[in-house]
Each structure stands twice: as structure tokens, then as C-alpha cells.
Amino acid sequence: MRVLLLILALLSAPAAAEEVVLGLSRDEVAITTRFDGSEILIFGAIKREEPIPADSELDVIITLAGPSQPITVRRKARRFGIWINTDAVEVDAAPSFYAVAASGVLTEVLKDVEDLRYRVSINRAIRSVGAPETVTDSESFTEALIRIRRDSGLYQRLDDHVVVDQQTLFRTSVTMPANLTEGAYATRIFLVRDGVVVSEKSTKIDVRKVGLERWLFSLSRQQPLIYGLLSIAIAIAAGWGASAVFRYIRA
Amino acid sequence: MMIYLPIAEVSVNAFLLLGLGGIVGVLSGMFGVGGGFLMTPLLFFIGIPPAVAVATEANQIVASSFSGVLAHLKRKTVDLKMGTVLLTGGLVGAGLGVIVFNYLKGLGQVDLLVKLCYVVFLGIIGGLMFVESLRALRRSRAAGGAPLPRRRSRGWIHALPFKMRFRTSGLYISVIPPLVVGVLVGILAAIMGVGGGFIMVPAMIYLLGMPTKVVVGTSLFQIIFVTAFTTLLHATTNFTVDIVLAVLLLVGGVIGAQIGARIGTKLKAEQLRILLAIMVLAVCGKLALDLLIQPGELYSLGASGGH
């Protein structure tokens with residue numbers, strides 16, 4: 001009996017000695033007509049039952065990922081004197097937005113094996129399986145995807161961007177650009193010691209269109225015929241209205 | 001003021017859009033053209049996805065041509081019968097155009113198709129207009145008043161069957177040429193996001209031999225239906241009509257058009273034509289350079305699937 005209790009106690013004890021208590025400045029991002037990007041504050045504390053281990057530094061890595069979608073990456077080449085799309089590679093799943101913030105330099109803080117396991121770095125967050133036989137350098141297509149999205153602020157690697165106080169409190173901020181895709185944005189926090197993940201916690205932030213944006217977007221997808229007729233009706237009304245107003249001014 | 005466009009999914013400056021609509025409106029009022037052939041490339045330049053730009057511009061043209069046709073109806077300068085024949089062809093053409101558009105979208109070549117169409121047509125029209133108006137300007141300087149150039153004989157058009165009488169235009173011709181013109185302009189309207197007036201008007205004058213006074217009104221009349229149909233097709237198959245973008249553009253556009261019409265009356269016809277030709281050639285040149293010069297970024301991203 002006593003042995004059983006001991007086993008139960010061991011099982012119910014936290015797997016890690018350190019655990020994350022998480023806070024978000026907001027768990028919802030509303031895309032309104034005036035939406036122009038958003039900044040999210042992610043902060044938290046580390047709960048311990050034991051004293052702080054003295055022999056190693058604590059690092060914190062935070063990732064924020066938008067919904068994954070398949071993407072076609074196309075490459076232009078010169079044909080008949082003009083530049084046209086020739087080769088294409090399908091990337092099976094790429095997050096529409098991805099930010100990874102670390103308390104140090106990501107590649108120094110996290111071991112490569114752990115990166116592979118948890119898919120933390122931008123390169124690992126993208127899943128690309130096969131390329132057509134005509135394309136021999138599918139690597140450069142994935143690199144192009146990352147480069148294009150990094151330049152437009154959709155992929156962010158934020159080294160030295162997480163502040164850790166007293167090995168207990170941590171915080172970071174992520175700036176999201178205006179051209180966001182709707183969906184649940186997965187937020188993950190990793191506690192890392194000696195390059196190994198000792199604890200992980202995840203939550204999600206809802207990014208959604210609201211109000212007029214929501215209504216127009218749903219209407220255009222669910223009732224495209226009505227949406228189309230509405231567009232035409234608005235155009236006709238505006239055209240008639242303009243000519244009526246100007247005739248009145250002239251008269 | 002930044003505004004988020006729900007369908008294009010980009011954030012753009014609302015005043016920039018109102019301004020663009022206004023400037024193109026002024027130009028279209030000055031020159032009596034729809035302005036779609038200028039607006040759509042401008043939308044490409046400010047970063048609106050080409051598919052959204054084309055579909056939304058079709059919607060905006062509905063507004064501007066409806067506003068224009070009301071004035072022409074009052075002056076009785078619309079040949080409704082000819083317009084109906086043209087738009088029958090136009091609707092068929094718009095349908096074909098959207099099919100081609102969607103097929104090439106799947107292949108990832110739609111941007112190329114749209115841009116190539118622009119370069120070719122703007123180049124031809126702009127070039128012809130430039131030469132023609134230079135000649136007219138020189139003639140008017142030399143002789144004071146220029147005689148109208150004689151129209152080419154249209155012998156083969158008169159030999160075609162299915163003749164019909166068009167009273168307003170004073171024509172008795174086969175319905176085949178207007179149908180064909182309608183189909184061709186309809187295809188272009190769907191692919192390029194334009195009303196097609198800049199092709200329709202010369203075709204009506206030189207090919208069908210219609211009197212100049214009914215040409216613009218009739219062209220506007222059929223453009224309303226063809227662009228409205230194109231808008232519907234794009235809205236139901238591609239979901240690319242952005243109503244917020246359309247409203248901003250057409251508010252600027254209708255105001256600009258009225259201002260432009262007043263400026264237009266103060267300039268000479270030849271000067272107007274040369275200015276328009278230079279503008280058309282400039283847009284054409286910019287698009288051609290984009291195709292010819294090696295782009296800074298060789299790669300581009302597109303949504304998967306759908307083909």
C-alpha cells in the first residue's frame with residue numbers, strides 16, 4: 001500500500017521542477033476596419049517547488065504561430081526575353097505568421113536536437129516534403145519563402161528579446177503586422193536549461209475579423225451571389241447619386 | 001488613415017485610394033474614357049493583389065459608366081438596339097474571359113497574362129493615338145482647319161448575312177461584326193479589369209461605321225452590363241471583389257470625373273489626345289520594364305491548390 005502511494009505521488013508530482021505561469025496582454029486580436037497591426041505582450045512567471053538550480057542559466061523561448069497553410073512558391077526565369085513564372089514548389093505547411101523570441105541568441109540557447117523535436121526555429125516551423133523532379137534546388141524555394149515573409153514582417157526571429165528577471169519573471173512583446181490571416185495563433189513558451197527544454201506551456205490567441213470586416217468577408221464566401229449583387233447595387237446607386245448631386249449643384 | 005480591406009487582406013491608406021480614384025476620375029472626365037486601364041495598373045503598383053484589383057475595378061466601372069450613361073440617355077445619344085447586340089456578345093466574352101482567367105490562375109500565370117494584355121493593348125492604342133494626334137496637330141497648324149480623314153471602305157462587312165436595321169445609328173448591317181466586337185471586348189474586360197471603351201470606341205467608329213455622336217453613349221451602355229456581369233462572375237468564382245476598396249475608389253472617381261470634365265472643355269482636342277497618348281504609353285512602358293528587367297525578387301508566393 002505504501003509503495004503504491006509512493007508511486008502515485010511520484011506520478012502526480014510535476015514532471016518538471018520548474019513550471020510556467022503565463023499571462024497575455026490580450027488573448028484576442030480583432031481585425032477592424034481601422035486595423036493597422038497589433039502588439040502583444042506575453043509575460044509570465046516560473047513556479048518552483050525547489051530552490052533555483054545554481055549550476056545553470058535559465059533561458060526562455062517564446063513562439064507565436066499563425067494558422068498553417070499549404071503554399072506554392074514560384075520562381076521566375078527569363079523566357080523569350082521576359083520574366084515569367086517557370087518552376088514551382090509546393091510547401092506543405094507554412095504558418096501564415098511566425099515569431100520566435102529568445103532570451104539569448106536562439107541557436108546558442110537551444111540545442112539543434114531540441115529544435116528538431118519541438119520545431120522552434122523558423123526553418124523547422126515550415127514543413128516541406130517533396131518537390132517536383134524538375135526542381136533540383138527545392139531548398140532555395142523554402143529559403144525564398146522565409147525571406148519574403150521575413151521582409152514583410154510575417155516571420156520574425158527576435159534574439160535577445162525575452163527579458164528574464166531573477167530567473168523567475170519573463171516578458172516579451174511581439175509586433176504583428178496589418179496583413180494578418182484569421183485563425184488561432186498558437187503561443188508556446190519553453191523553459192530551457194543547458195540547451196534542453198525543461199518545461200513547455202502553450203495557449204492560443206484568437207485573431208479574427210470583427211464587425212463590418214467580419215460581415216463582408218463571411219457574406220463574400222457564404223453568399224457570393226448576394227455579395228456580388230450588393231457590390232453592383234452600391235456601384236449603380238453611387239453612379240446615379242453622383243450624377244444627381246452634380247446636376248443639382250449645376251442647376 | 002489606414003484602412004483594412006476585408007477581401008484583399010491588406011491595410012492601405014484610405015486617402016491614397018480616394019486620391020487615386022480622384023486623379024483617375026479627373027483624367028477620365030477630361031478624356032472621356034473609363035479610366036480602368038489606368039486604375040488597375042495603379043492598384044498593382046500600390047500592392048493590391050492583381051486578382052482583387054481586376055475584379056474590384058470591374059465593379060468600380062459599373063458606377064462610373066452608369067453615371068455617364070444617364071447624361072447620354074437624356075441627350076438620346078444611345079443606340080439601345082446596337083448596345084443590346086454588343087452586350088450579348090460582351091456577356092459571352094466576359095464568361096470566356098473569366099474561364100481563361102481562372103485557368104491561368106491555377107497555373108500561376110495570371111499576373112503575366114494580365115500584364116502582357118496591358119503592355120500589348122496600351123502599346124498599340126497609345127502608339128496609334130500619339131501618331132494620329134501629332135499628325136492632326138501638325139495639320140491644324142499648317143492649314144488652320146483639318147479636313148476629316150476619309151473612312152475606309154467596309155465592303156466585306158456589307159457582304160455578311162443576318163442584316164439588321166439600327167435606326168439611331170442610321171445603319172443597316174449584319175449583326176455578326178458587332179457580336180464579334182462585343183465578344184472580344186468582353187474577354188478583355190474580364191481579363192484586364194477594364195470597361196474596354198478604349199477599344200470599343202475605335203472599333204465602333206472605324207469597323208462598324210457608327211456616327212461619332214452615339215458611340216460614347218452606346219459604349220457606356222453596354223459596358224455597364226458587361227462589367228456588372230464580370231463583377232458577379234469574379235465574386236462568385238474567385239471571391240476577389242473587395243467592396244470597401246470599390247467604394248473608396250468610386251467616391252474619389254465620381255468627384256474627379258466632374259472636375260475633369262470641366263478642365264477638359266478648356267483644352268484643345270488635339271492637345272488632350274496627345275496628353276492621353278503619352279499617359280497610356282507611360283503606363284505601358286512601366287509595365288513592360290517590369291517584365292523585361294530582372295526582378296529584384298525572383299520568387300513569389302501563391303495559395304496552393306485549385307487547379
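1. Helix contact in chain A. Leu219(A), Ser220(A) and Arg221(A) of α6(A) are in contact with Pro224(A), Ile226(A) and Tyr227(A) of α7(A), contact being defined as C-beta atoms, placed from the backbone, within 7 Å. By class, this contact has four nonpolar, one polar and one charged residues; Ala, Val, Leu, Ile, Met, Phe, Trp, Tyr, Cys and Pro count as nonpolar, Asp, Glu, Lys and Arg as charged, and the others, Gly among them, as polar.

2. Basis of the note. The model is predicted: local features need pLDDT of at least 70 and side-chain atom pairs count only at pLDDT 80 or more, whereas totals for chains, interfaces and linings use all residues. Residues are numbered from 1 along each chain as its sequence is written, with chains lettered from A and ligands numbered from 1 in the order in which they are written.

3. Geometry of the helix pair. The axes of α6 (residues 211-222) and α7 (residues 224-250) of chain A come within 5 Å and cross at roughly 120 degrees. Axes are lines fitted to C-alpha atoms, for helices over the stretch in contact, and angles run from 0 to 180 degrees between N-to-C directions. Helices (H or I, at least four residues) and strands (E, at least two) are DSSP runs, numbered from the N terminus.

4. Sheet in chain A. Four strands form an open sheet in the order β1-β3-β10-β9 (chain A), with antiparallel pairing; two strands pair if DSSP finds at least two bridges between them. At the edges are β1 (18-24) and β9 (163-165) of chain A, each of which pairs on one side only. On average, neighbouring strands of this sheet are turned by 20 degrees against each other, direction ignored. Seven bridges join β1(A) in the antiparallel sense to β3 (residues 38-48) of chain A, and Glu18(A) has Arg48(A) in β3(A) as its bridge partner.

5. Loop between β9 and β10. Gln166(A) is located in the loop between β9 and β10 (169-176) of chain A, and Gln167(A) lies in the loop between β9 and β10 of chain A. Although not a glycine, Gln166(A) has a positive phi of about 55 degrees; for Gln167(A), also a residue other than glycine, phi is positive and near 55 degrees. Gln166(A) counts as exposed because it has 10 C-beta neighbours inside 10 Å, and Gln167(A) counts as partly exposed because it has 16. The cut-offs are 20 or more other C-beta atoms within 10 Å for buried, 12 or fewer for exposed, and partly exposed in between.

6. Overall form of chain B. Chain B contains eleven helices and five strands, and its C-alpha trace spans about 55 × 45 × 40 Å along the principal axes. Of the 307 residues, 49% count as buried.

7. Interface. In chain B, 45 residues are in contact with 46 residues of chain A. The largest share of the side of chain B that touches chain A, nine residues, comes from α3(B). This side divides into 28 nonpolar, 15 polar and two charged residues.

Technical notes: Contact = placed C-beta atoms within 7 Å.
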